[in-house]
Amino acid sequence: MKTSRKPMMRGLVLSQAVLLSAVGLAGCGGVTVFQDQTPVAVMGTLPPPPPVVEPEPEPEPPPRVELKEDKIEIHEKVQFEYNSANILEVSHSLLNEVADVIKKTPRIKKIQVEGHASSDGADDYNLRLSDKRAKAVRAYLITQGVSKDKLVAKGFGETKPIADNATEEGREKNRRVEFNIIEQDVIQKKVQIDPKTGKETVLEQKQVTEGAAPKKPAAGAAQ
């Protein structure tokens with residue numbers, strides 16, 4: 001009767017594996033036990049925190065009303081009732097700003113309020129409506145304290161387009177109100193320039209009123 005050797009061999013293999021594991025642990029120094037509970041101080045300084053990134057401020061919106069050399073430029077449209085010269089209340093604050101600019105700028109002696117139209121509709125109708133609208137804006141500015149002597153008003157209908165009337169976008173741009181300075185005070189100087197240094201010397205200085213149009217308002221303009 002033969003006795004099986006397989007269980008004995010399996011036991012031998014397991015014993016060898018346990019022995020090898022023990023040797024390996026011994027070779028690595030065995031199990032290290034930390035008995036001291038005293039915290040270990042870490043030498044050196046911590047890196048500084050990352051800089052705080054401030055959000056960029058939002059850009060300021062462009063002004064609605066800007067004073068230029070020869071006009072007061074508005075970046076919003078003056079709104080009217082449909083087919084009417086009645087100014088919508090939403091545009092009152094815009095016109096109030098225009099009035100403030102005129103009152104705070106002594107050099108402005110006269111402004112022409114101009115009404116313009118697109119090519120939609122009959123020419124005569126557009127001319128009359130643009131003229132009524134210009135006169136309505138002039139009347140509103142007077143209620144806000146602007147001297148009536150500084151304001152004239154005239155409608156030009158569709159005769160002065162600034163965009164293509166073939167497109168809706170162009171027609172919308174052509175429907176507008178403009179504030180053009182036609183008389184203002186300017187300082188005229190007579191200077192002498194030193195040829196060696198380039199320095200200017202004012203010899204004479206005077207204030208005069210200049211305008212792009214005659215003082216007498218054009219025919220049909222409101223006074």
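**Layout, core and strands**

Analyst: Read along the sequence, the protein follows the pattern α-β-β-α-β-α-β-α-β-β, where helices (H or I, at least four residues) and strands (E, at least two) are DSSP runs numbered from the N terminus. This is a predicted model, in which local features need pLDDT of at least 70 and side-chain atom pairs count only at pLDDT 80 or more, while totals for chains, interfaces and linings use all residues. Residues are numbered from 1 along each chain as its sequence is written, and side-chain values use heavy atoms, with hydrogens and water left out.

User: What share of the 223 residues in the protein is buried?

Analyst: Buried here means under 20% relative accessible area, with exposed over 50% and partly exposed in between (1.4 Å probe, protein chains only). Of the 223 residues in the protein, the buried ones make up 26%.

User: Which residues does Leu141 contact, leaving aside its neighbours within four places in sequence?

Analyst: Contact means heavy atoms within 4.5 Å, and Leu141 is among the residues with the most contacts inside the largest nonpolar core. Leaving aside neighbours within four places in sequence, its partners are Leu95, Val98, Ala99, Ile102, Val113, Val146, Leu151 and Phe179.

User: Is Ile87 buried or exposed?

Analyst: Ile87 lies in the loop between β2 and α2. Beyond its neighbours within four places in sequence, Ile87 is in contact with Val78, Gln79, Phe80, His92, Leu95, Ala136, Val137 and Tyr140, and its C-alpha atom is separated by 8.8 Å from that of Tyr140, 53 residues apart along the chain. Because its relative accessible area is 18%, Ile87 counts as buried.

User: Which residues form the uncovered face of β2?

Analyst: Strand β1 (residues 65-67) and β2 run antiparallel and are joined by three bridges; two strands pair if DSSP finds at least two bridges between them. They form a hairpin with three residues between them, and Glu66 has Glu73 as its bridge partner in β2. In a regular strand the side chains alternate between the two faces of the sheet. The covered face of β2 holds Ile72 and Ile74, and the uncovered one Lys71 and Glu73.

User: In β4, which residue is the bridge partner of Glu114?

Analyst: β3 and β4 run parallel, joined by five bridges. Both faces of β4 are covered, with Leu151, Ala153 and Gly155 buried on one side and Val152 and Lys154 on the other. The bridge partner of Glu114 in β4 is Lys154.

User: Over the ring of which residue does the charged end of Lys160 sit?

Analyst: A charge sits over a ring if NZ of Lys or CZ of Arg is within 6 Å of the ring centre and within 35 degrees of the ring normal. The charged end of Lys154 sits over the ring of Phe156, 5.7 Å from its centre. For Lys160 the distance to the ring centre is 4.1 Å, and the ring is that of Phe156.

Notes: A nonpolar core is a set of buried Ala, Val, Leu, Ile, Met, Phe, Trp, Tyr and Cys residues joined through side-chain atoms within 4.5 Å.
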